[in-house]
Amino acid sequence: TNGDSEAERRVVAVPLWVESGELWCGFVEGPAADFWAGSPLTFPEAPAREGADPWLQIAELMPARFGVDAANVLKLGRLDVVTLADDRQLMPMVVALPTPGVEGGASFADQIVGIPLSVLAQPNLIEQKVGEVDGRQVRMQILHFGRHRVWGAAEWIVENLLQRLGLDAAV
C-alpha cells in the first residue's frame, strides 16, 4: 500500500449461522473473472460511508442480500483489513444470522451459497493459478468446494476467519 488516505474502503459482511449442528458461512456469487470460467463465491460488500458506523452499514446489506431483517443481525467481530493490489481496503465484519429457512432467517436462500466451516477448512482441492487482474499478473490460491470456488479477497477473508476460530485449515 502507499498509505494514501484516498483509497476506497468497503465494508464486507461475513455472515455465519448454525444449521444441523454446524457453523456455516454464507457467500453470494461474484462477477465472472476474465481468467476463470464461472463466478467465484464472494461476500456482500458496500462502499464505506465517511463517518458512518460500519456495523449499521453491514446490517443494511442483510435485507437486500440475504433477506434478513437488520434487527436479526448480531455483530460478532472484525477480521483483518484486506488491502488489494489497487489499494482498495476491505473491512470484513463477521455477523451471525438466523438459520436460512427458519423464522427470521434468510428468505433469499436460493441466492445464498452456504458452506460449513468444517468444509471450508478442508477444501476438495487447493489450486495455485496465475492470472491477470486489472492488467497485472497475480498468483492466486483457489479453494474448490464441489462446483464452487473461493479465491482472491474472499479466500484471504476465509483463511483469516478460520485462523481466528482456531480451526486447522488446509489452506
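Modeller: Leaving aside neighbours within four places in sequence, His148 is in contact with Glu29, Leu41, Val113 and Leu143; contact means heavy atoms within 4.5 Å. This is a predicted model in which local features need pLDDT of at least 70 and side-chain atom pairs count only at pLDDT 80 or more, while totals for chains, interfaces and linings use all residues. Residues are numbered from 1 along each chain as its sequence is written, and side-chain values use heavy atoms, with hydrogens and water left out.

Biologist: Where is His148 found?
Modeller: His148 belongs to strand E11, residues 148–150. Helices (H or I, at least four residues) and strands (E, at least two) are DSSP runs, numbered from the N terminus.

Biologist: Is His148 buried or exposed?
Modeller: His148 is buried, because its relative accessible area is 16%. Buried means under 20% relative accessible area, exposed means over 50%, and partly exposed lies in between (1.4 Å probe, protein chains only).

Biologist: Let us change topic. Why is strand E1 largely enclosed by the rest of the structure?
Modeller: Strand E1 covers residues 9–19, and eight of its eleven residues are buried, so the strand is largely enclosed.

Biologist: Which way do E1 and E7 run?
Modeller: E1 and strand E7 (residues 89–96) run parallel and are joined by eight bridges. Val14 has Val94 as its bridge partner in E7. Two strands pair if DSSP finds at least two bridges between them.

Biologist: And how many bridges join E1 to E2?
Modeller: Four bridges join E1 to strand E2 (residues 22–29), and these strands run antiparallel. Trp17 stands opposite Trp24 in E2, and Glu19 has Glu22 as its bridge partner there.

Biologist: What lies between the strands in that hairpin?
Modeller: The hairpin of E1 and E2 has two residues between the strands, and Ser20 takes a positive phi near 50°.

Biologist: In which sense do E2 and E8 pair?
Modeller: E2 pairs with strand E8 (residues 113–116) in the antiparallel sense, over four bridges. Gly26 stands opposite Gly114 in E8.

Biologist: How about E2 and E3: how many bridges?
Modeller: E2 and strand E3 (residues 41–42) pair over two bridges, again in the antiparallel sense. Val28 has Thr42 as its bridge partner in E3.

Biologist: Last topic: where is Leu165 placed?
Modeller: Leu165 is in the segment after helix H3 (153–164). Leu165 is partly exposed, because its relative accessible area is 43%.
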